[in-house]
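Here is a short briefing to read alongside your structure. Take a look at the model first, and then we can walk through a few spots together.

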Amino acid sequence: MSDSIVIIPTYNEKENIERIIRKVFSLDFSFDVLIIDDGSPDGTAAIVKQLQTQFKGLHLEERKGKLGLGTAYIHGFKWALKHAYEYIFEMDADFSHNPDDLLSLRDACIKGADVAIGSRYVKGVNVVNWPMSRVLMSYFASMYVRMITRINIQDATAGFKCYRKIVLQTIPLDKIRFVGYAFQIEMKFTAIKYGFNVVEVPIIFTDRTEGTSKMSTSIFREAFVGVIQMKVNSWFRDYKRN
């Protein structure tokens, strides 16, 4: 068994899922993969089941209905901890995150990071194929998060990450309250509050060419309002490690 597992949440990703799985398993390092599928009506899970006959390290957890990005990752984190993985990754299925960068994120954690973030903004703006309106919304969202939370993370909404096991063992996962992209902010903020070393590794983010984006105004609204709620709640919370 590998010491590293890549968690990929899916909902209607039949155009991408086989290619992304094959790409991860083709890397020089042997990663395991865990797909969390939220009942995709397009047959995404069926494709994964077929591929499990070829890839021993490919795992599938199926959930009934679209329950949200955050809950998918929490489900995956608990599964990975139960199976004693040391390095636990988040990655999208749509190739907006380059699987080759998994190696750089893992290397950053081996060299001392507790959380390594694949960052679009730590060295300029490294985004391909996004309309300017989307780039500006994402960039200024990270500025807004830094202003409210006072955490020095350039890409606060990034969803391409590697955690060392100890981080996910320490954070009370059942108390993570956000389910959309605010989940990504909350996990970074909480890790920093617990005193973990969070570093940013530069990547190039490429917008999906297949399938449909899951971004919506309700997800954006949750992040905008939720950051203030999260900051206020932190004043009344103890972040001491047991």
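Let's start in a loop: Lys-56 sits between helix H2 (44-51) and strand E3 (58-62). Please keep in mind as you read that this is a predicted model.

**An exposed lysine**
- Lys-56 has a relative accessibility of 83%, and because exposed means over 50%, this residue counts as exposed.
- Between Lys-56 and Glu-186 there are 33 Å in space, C-alpha to C-alpha, and the two are 130 residues apart in sequence.

- Ser-2 belongs to the segment before strand E1 (4-10).
- With a relative accessible area of 8%, Ser-2 is buried, because the cut-off for that label is under 20%.
- Its side chain has a polar atom 3.0 Å from the backbone nitrogen of Ser-4.
- The side chain of Ser-2 also reaches the backbone oxygen of Ser-30, at 2.6 Å.
- Beyond its neighbours within four places in sequence, Ser-2 touches Phe-29, Ser-30, Phe-31, Asp-32 and Tyr-85.

**How two helices pack**
- Helix H3 (residues 69-82) packs with helix H7 (residues 182-193) at an angle of about 50°, and their axes are 8 Å apart.
- On the H3 side, the contact is made by Leu-69, Gly-70, Tyr-73, Ile-74 and Phe-77.
- H7 contributes Phe-183, Gln-184 and Met-187.
- Sorted by class, this contact of H3 with H7 has 6 nonpolar and 2 polar residues, with no charged ones.

Conventions:
Residues are numbered from 1 along each chain as its sequence is written. This is a predicted model: local features need pLDDT of at least 70, side-chain atom pairs count only at pLDDT 80 or more; totals for chains, interfaces and linings use all residues. Side-chain values use heavy atoms; hydrogens and water are left out. Axes are lines fitted to C-alpha atoms, for helices over the stretch in contact, and angles run from 0 to 180 degrees between N-to-C directions. Helices (H or I, at least four residues) and strands (E, at least two) are DSSP runs, numbered from the N terminus. Contact means heavy atoms within 4.5 Å. Ala, Val, Leu, Ile, Met, Phe, Trp, Tyr, Cys and Pro count as nonpolar, Asp, Glu, Lys and Arg as charged, and the others, Gly among them, as polar. Buried means under 20% relative accessible area, exposed over 50%, partly exposed in between (1.4 Å probe, protein chains only). A polar contact is a pair of N or O atoms within 3.5 Å; within protein, one must be able to donate a hydrogen and the other to accept it, and residues adjacent in sequence count only if both atoms are side-chain atoms.
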